[in-house]
Amino acid sequence: MRVISNRTPQDHFEELLLATVGAFQRLDGIVTNNVLLPHPERNLPNEHDLLILLTGKLITIDAKFMWPGAYRDAEGGWEHDGERGWEKVENFSHPVDIAFKKARVAEGLLKSKLRPGDSVPEVLTCIVVPNECDVTQLRDGVTPRMARGARLLLVRISELEDALIEDARRYPLRRPSPDDLAAALRIDDVPVTNPFACFLSRDLEVHDLLEERSRPIPRTVYVGQQHRPRPRPVRIEVC
């Protein structure tokens, strides 16, 4: 697996995941990290922890660094079996909903970048958690959400390579190649900055994700540039 990225992972789990995928020996593809993709319908950047490009497939990876132990699906999100019993995991919205949203954004952008007559790849979404997490019950809860039309993989980090190999075996595709996908998404030679321009307004451009905060209200913090009345760096908070 080829790693094409100069960007620093957001946390140590994303760093471990990027190193793990980059060391895959049985898959021929490309991986890059921490890419902001412009939402095709709304002026909001959509952050992808990893993008894996395989033959005929684009996989967007959502890295979830969670506490060790068992997890289950619930109406408002995931729950963790902690010291005081089952407790809700803090999230802005349901992790599976977030994962499918990332897939829709990636698919919409990819279709807009392909030329007429180009093969359209399959877009998958994949949630990856640490090996210490028991996600057996979560996998049972994923099935009812699959009616959205996308396929979702939910795996521990040590299971990811085998899961991608099995998916390629069950759903084989021949085109486009990883290099063609990289060229379409402008990640064949990724600089430190994000490869896509993401604008919240005509004058307000987002460059990179800084952090996500849950209190006092959920919000995402970006760094960017305000172009008018004169160019200047800015910190942007989106609630």
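The buried residues of helix H1 (residues 12-22) are covered by several elements of this predicted model, among them strand S1 (2-3), strand S2 (30-38), strand S3 (45-54) and helix H4 (160-170), where contact means heavy atoms within 4.5 Å. Helices (H or I, at least four residues) and strands (E, at least two) are DSSP runs, numbered from the N terminus. Residues are numbered from 1 along each chain as its sequence is written, and side-chain values use heavy atoms, without hydrogens and water. Because the model is predicted, local features need pLDDT of at least 70 and side-chain atom pairs count only at pLDDT 80 or more, while totals for chains, interfaces and linings use all residues.

Which residues of H1 are buried? They are Phe13, Glu14, Leu17, Leu18 and Val21, buried being under 20% relative accessible area, exposed over 50% and partly exposed in between (1.4 Å probe, protein chains only). Seen down the axis of H1, these buried residues fall within an arc of 135°, so they line one face of the helix; the arc is that of the directions from the helix axis to the C-beta atoms.

Phe13 also takes part in an aromatic pair with Phe65. The pair is tilted, with 5.9 Å centre to centre and 35° between the planes; ring centres of Phe, Tyr and Trp (its six-membered ring) must lie within 6.5 Å, and planes under 30 degrees apart count as stacked, over 60 as edge-to-face and the rest as tilted. Phe65 lies in the loop between strand S4 (57-63) and strand S5 (69-74), so the pair ties together parts 52 residues apart in sequence. Phe13 is buried at 3% relative accessibility, whereas Phe65 is exposed at 52%.
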